[in-house]
Amino acid sequence: MSASFDPYDWASFYFGKMGREEAARLLSDAGVAIGTFLLRDSSRPGDYSLSVRESDEENKVRHYLIEEKFSENGTKQVKIADHDFVDIPTLLNHFKIHILDKTSLTVPYRKGQIEQVVGLYRFEGERDTDLPFEAGELLEIIGKPEAEWWQARNALNATGLVPAIYVRPVDEMNDRHLKGQSQSSLGSSVGEERFSGVSTNSSDPIEDCYEVGSLFCISSGC
């Protein structure tokens with residue numbers, strides 16, 4: 001399969017603060033082709049990890065550390081294994097042609113395959129692990145460690161936990177109009193002690209949300 005991606009289009013392949021396990025889960029899905037990859041932040045501050053689907057065998061995905069370093073003349077470079085490059089796009093372009101270990105890079109993991117949700121209410125959060133969001137804000141779900149609390153990422157690549165009952169899938173929002181729910185019905189589902197940071201004022205729920213191109217429009221504010 002020939003490579004078909006722009007190594008300078010960071011939005012197409014960079015997934016920010018995604019963990020190793022989540023990257024492996026996404027790339028291990030059936031239908032993901034060998035050579036599919038994504039770039040994410042490493043657990044080592046300042047470095048990156050390149051996760052690649054390398055085979056259809058048991059250990060399908062391999063993760064490569066990309067280190068930022070400085071050359072002898074003081075210019076910044078990146079290093080993967082024994083290879084040095086001037087920047088990330090040059091590295092990716094090189095491995096479009098050359099084999100990284102078992103495969104070359106063919107295509108970024110398509111972000112559209114990640115579940116997108118829309119916030120129903122403002123969620124302010126109360127713990128460092130929470131991800132605050134506004135009513136109507138788009139989020140990507142990158143993990144579901146618990147049935148009631150999901151790991152999400154916002155447009156600024158910040159990640160954290162969000163209450164599952166305060167969001168709805170984008171597809172569902174497109175299919176029907178959603179009505180606001182009372183705070184009592186929401187709070188009783190998960191536990192009131194975890195919802196002191198959530199606002200459910202009458203002005204917060206999305207009462208009529210529909211897609212206009214790639215934008216979402218709330219009827220009261222269009």
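1. Basis of the model. The model is predicted, so local features are reported at pLDDT of at least 70 and side-chain atom pairs at pLDDT 80 or more, while totals for chains, interfaces and linings use all residues. Residues are numbered from 1 along each chain as its sequence is written, and side-chain values use heavy atoms, with hydrogens and water left out.

2. Overall make-up. The protein chain holds 5 helices and 15 strands; these are DSSP runs numbered from the N terminus, with helices (H or I) of at least four residues and strands (E) of at least two. Of its 222 residues, 43% are buried, a term for under 20% relative accessible area with a 1.4 Å probe and protein chains only (exposed is over 50%, partly exposed in between). Among contacts (heavy atoms within 4.5 Å) between residues at least 6 apart in sequence, 52% join residues at least 24 apart.

3. The largest nonpolar core. A nonpolar core is a set of buried Ala, Val, Leu, Ile, Met, Phe, Trp, Tyr and Cys residues joined through side-chain atoms within 4.5 Å. The largest has 19 residues, and Leu 50, Ile 66, Ile 80, Leu 92 and Leu 105 have the most contacts inside it. Two or more residues each come from strands S1 (36–41), S2 (48–53), S3 (61–70) and S4 (76–80) and from helix H3 (88–97). H3 gives the largest share, 4 residues. A separate core of 16 residues includes Leu 139, Ile 141, Ala 152 and Val 167.

4. Helix H3. Which residues of H3 are buried? They are Ile 88, Pro 89, Leu 91, Leu 92 and Phe 95. Viewed down the axis of H3, these buried residues fall within an arc of 160° and therefore line one face of the helix; the arc is taken over the directions from the helix axis to the C-beta atoms. Their cover includes helix H1 (10–13), S1, S2, S3, S4 and strand S5 (83–85).

5. The segment before H1. Pro 7 belongs to this segment and is buried, with a relative accessible area of 7%. Beyond its neighbours within four places in sequence, Pro 7 contacts Phe 13, Pro 89, Leu 92, Asn 93 and Lys 96. Pro 7 and Leu 91 are 84 residues apart in sequence, yet their C-alpha atoms are 8.5 Å apart.

6. A buried glutamate. Glu 22, in helix H2 (residues 20–27), counts as buried at 12% relative accessibility. Residues up to four places away in sequence aside, Glu 22 touches Ile 142 and Gly 143.

7. Aromatic pairs. The whole structure has 11 aromatic pairs, in which rings of Phe, Tyr and Trp (its six-membered ring) have centres within 6.5 Å; planes under 30 degrees apart are stacked, over 60 edge-to-face and the rest tilted. The rings of Tyr 14 and Tyr 48 are 6.2 Å apart between centres with planes at 75°, so this pair is edge-to-face. Tyr 14 is in the loop between H1 and H2 and Tyr 48 in strand S2, so the pair ties together parts 34 residues apart in sequence. Tyr 121 and Tyr 166 also form an edge-to-face pair, at 5.5 Å centre to centre and 65° between planes. Tyr 121 is buried at 1% relative accessibility and Tyr 166 at 0%.
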